Number of protein chains: 2
Amino acid sequence: MSVTLQDVAREAGVSPATASRALNAPELVAPARREHVRQVAAQLGYRPNRAARELITGRTGNLCLVVPDLENPFFAAVAKGVQARARALGLAVVVADSEEDGHLESELVGRLGAQVDGVVLCSPRMTDEALDEALARDVPLLLVNREHHGAASVVIDNADGVRQAVAHLYALGHRRLAYAGGPAGSWSDARRREGLHRAAASLPGTEVVDLGHVAPVFDGGVAVADLVVASGATAVLAHNDLVALGILNRLTSRGVRVPDDVSVVGYDDSPAATLVAPALTTVRVPLARLGRDAVDALVNHAPRAARRRAASGVTDAEAPAPVRLPVELVVRDSTGVPPAPPTAPIASTAGDLPA
Amino acid sequence: MSVTLQDVAREAGVSPATASRALNAPELVAPARREHVRQVAAQLGYRPNRAARELITGRTGNLCLVVPDLENPFFAAVAKGVQARARALGLAVVVADSEEDGHLESELVGRLGAQVDGVVLCSPRMTDEALDEALARDVPLLLVNREHHGAASVVIDNADGVRQAVAHLYALGHRRLAYAGGPAGSWSDARRREGLHRAAASLPGTEVVDLGHVAPVFDGGVAVADLVVASGATAVLAHNDLVALGILNRLTSRGVRVPDDVSVVGYDDSPAATLVAPALTTVRVPLARLGRDAVDALVNHAPRAARRRAASGVTDAEAPAPVRLPVELVVRDSTGVPPAPPTAPIASTAGDLPA
DNA sequence: GGGTGCGGTGAAAAGGATTGCAGCACGCCT
DNA sequence: AGGCGTGCTGCAATCCTTTTCACCGCACCC
């Protein structure tokens, strides 16, 4: 049916072994012969049968990407990055949508993990225990946007993003800041909340009003917008661009002007941030790079085939230090000077901006 | 390393053949023995090696999905539907992003098509010739959002969506309609344009101003917005929600009020449509269902393994008729009565609405 | 009572690529 | 001249599952 290595070998007048080496380990074959084999292979349109190769090498040439929600622009962007980098490395990507469900996530890792060379697990919703269990399996695992003892990971500098946003608002004169946090149990929300309080503590006269946990979607923002107004804050940081957009939408429809009455800052710089008026000031996260670096880290961390595991004496080497990517505040139109003048001239407090 | 069928067979005291049958063809094995084998397999945590199975059956258990842009909410939603349905059928999905490039698209179909049971090709950018070539390969192909001779496809009723939008605008009193079309060569744009002219022709006094081809992204909408104003149209149909949002954004920032001065209608009902104010009137496309039906059609159309192709005498059977999904106009806040009063009372023209 | 059919089982081949090991030839060194 | 190293090449095993074919009793029918 399809052209096999045998066909190529026969046509080229060599053994299958030599044909295989001519294509995979060129330095082992005499140059003239090597070229001849390659030419024959190309002419016949030979494509190695991946199943047969996998069977003997234990490598599938596939990576698996598990995300909570493919439609969320954050994950879509990461997926795009993963996909691009994997293709450059000759790998295919199997994607799975866990529908924000930790249990399904675990199951997917178990089911798909067995048939791929590595799993990129994005913003895992699963518990620490489930993660431990998944790590105990013999498939290389890489976490995006979450750290976990013993696991390789690629994360963004959550706290620094918040710090930049706070510094920006502080410089504009804001002193009372509301925070619309992410879902309870979210690792990145915990990091951001932590960073928020630390940044605020280093800036004299700053108060933080915590509005609690908000569903990380548009409607979550709509729901929390009234709390923002009631809190008396002049600016609000949202966990997420989607939440920020929800807040923006509700404030505007209530007649609260943005940024004249209230400033709004998002997080992620998803494409939707520029779709609205006023355009959203937000923290840009290098989403595509997050995906690319995840693939690189996964491949470097576990270059060996899943099968050859037993050979390496150590249990599982040591998990490398997390890769931490920088983020960058993007100032657009949703932030401005607060309605009440700042309590002190900006110049006199500039020295207090956190490093 | 991992537990194989041999292990199960030995442990259960049967031959590998019987073990295989106990799991895959239960009716061929005596009930008592069958249950015993299954129990042993479960207890040992046996998982069949997919590569070995693929090697002999020719089936991979994988589908491939090729989309122009994973970050586009339209394709993200379709991908989600494809993924969900595939999982329900026990299939994995390999996704590939063609970056809106027809050549890359062809290459991906060629490269990935060889290692999957079928390919879902979404809004193909490739030419008809390239499509023919891809069809000539022996991998089942299913087109989403495009029809092509000899290919199975799942499409939406493009023309009817436009018809509904036009009827809505006509009923509101609009008579001069602008159309911001999709990219040149887009199959669905051709269908919509066709439907637009037919709908307009059936409504007396209606004019269509064609604004040409627009890049199907936010910036495309921004760029074309001024043409809308200059055209003197009281309403504009965009090829796409993203384009509609761009138009909306530019109009608003120019001081043109929506819908008081100009009504705007999008297409797709992507999540972003409700993120803005005014919320976008748009044509809702059953995106997830598009993905699910694509998988179903693909699986039904090509239930046999890729390998067993030669057996079926006919060239490739006949491609089944395209599955056509209905669409539905969703009226929100971006459409309203035009500034100039309608030329005739609404009641008197209601009978002229196209069917 | 022997042939026949059938339910159930096992031996063995097939599927395609990779790779350890052995062999071969040739050239160089002593 | 003989021995050895080296550079290439081929043989054959291996990966794991599925599936064909043959076989073996046993029951049933003639």
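Predicted model: local features only at pLDDT ≥ 70, side-chain atom pairs only at ≥ 80, totals over all residues.
Q: Thanks. And which residues belong to which domain in chain A?
A: Domain 1 covers 5–48. Domain 2 is made of 59–156 + 287–325, and domain 3 of 158–285 + 329–352.

Q: Let's switch to holes in the protein. How many cavities of 30 Å³ or more are there?
A: The count is three cavities. The largest cavity has a volume of about 150 Å³.

Q: Which residues are closest to the centre of the largest cavity?
A: Its lining has 13 residues, and the closest to the centre are Glu54(A), Asn62(A), Gln115(A), Glu54(B) and Asn62(B).

Q: Which elements give two or more residues to that lining?
A: Helix H4 (50–57) of chain A and helix H4 (50–57) of chain B do. H4(A) gives the most, with three residues.

Q: What's the make-up of the lining of the largest cavity by class?
A: You'll find six polar, four charged and three nonpolar residues there.

Q: OK, how about the second largest cavity: what volume does that one have?
A: The second largest cavity holds about 40 Å³ of space.

Q: And what lines it?
A: The lining of the second largest cavity is Val162(B), Ala165(B), Tyr179(B), Leu237(B), Ala238(B), Val265(B), Gly266(B), Tyr267(B) and Val283(B). By class, that is eight nonpolar, one polar and no charged residues. Helix H8 (158–172) and strand E8 (235–238) of chain B each supply at least two residues of this lining.

Q: New topic: what does helix H6 of chain B look like in residues and reach?
A: Helix H6 of chain B runs over residues 102–113, which is 12 residues. From first C-alpha to last, H6(B) reaches 16 Å, close to the 16 Å expected at 1.5 Å a residue.

Q: Which of its residues are buried?
A: In H6(B), the buried ones are Gly102(B), Leu104(B), Glu105(B), Leu108(B), Val109(B), Gly110(B), Leu112(B) and Gly113(B).

Q: What happens at the start of H6(B)?
A: There, Asp101(B) has a side-chain oxygen within 2.8 Å of the backbone nitrogen of His103(B).

Q: Last one. Where does Arg137(B) lie?
A: Arg137(B) is in the loop between helix H7 (128–136) and strand E4 (141–144) of chain B. The C-alpha atoms of Arg137(B) and Pro68(B) are separated by 21 Å, and the two are 69 residues apart along the chain.

Conventions: Residues numbered from 1 in each chain as written. Chains lettered and ligands numbered in written order. Heavy atoms only, no water. 1 Å grid on protein atoms, 1.4 Å probe; cavity = no way out; pocket = protein on both sides within 12 Å on 5 of 7 lines; lining within 4 Å. Points joined across faces, edges and corners; volume = space filled by probe spheres on them. Helix = DSSP H or I, 4+ residues; strand = E, 2+ residues; numbered from the N terminus. Nonpolar A, V, L, I, M, F, W, Y, C, P; charged D, E, K, R; others polar. Domains from an automatic or database assignment. Expected span 1.5 Å × (residues − 1). Buried < 20%, exposed > 50% of the residue type's maximum accessible area, 1.4 Å probe, protein only. Polar contact = N/O pair within 3.5 Å; in protein donor to acceptor, adjacent residues only side chain to side chain.
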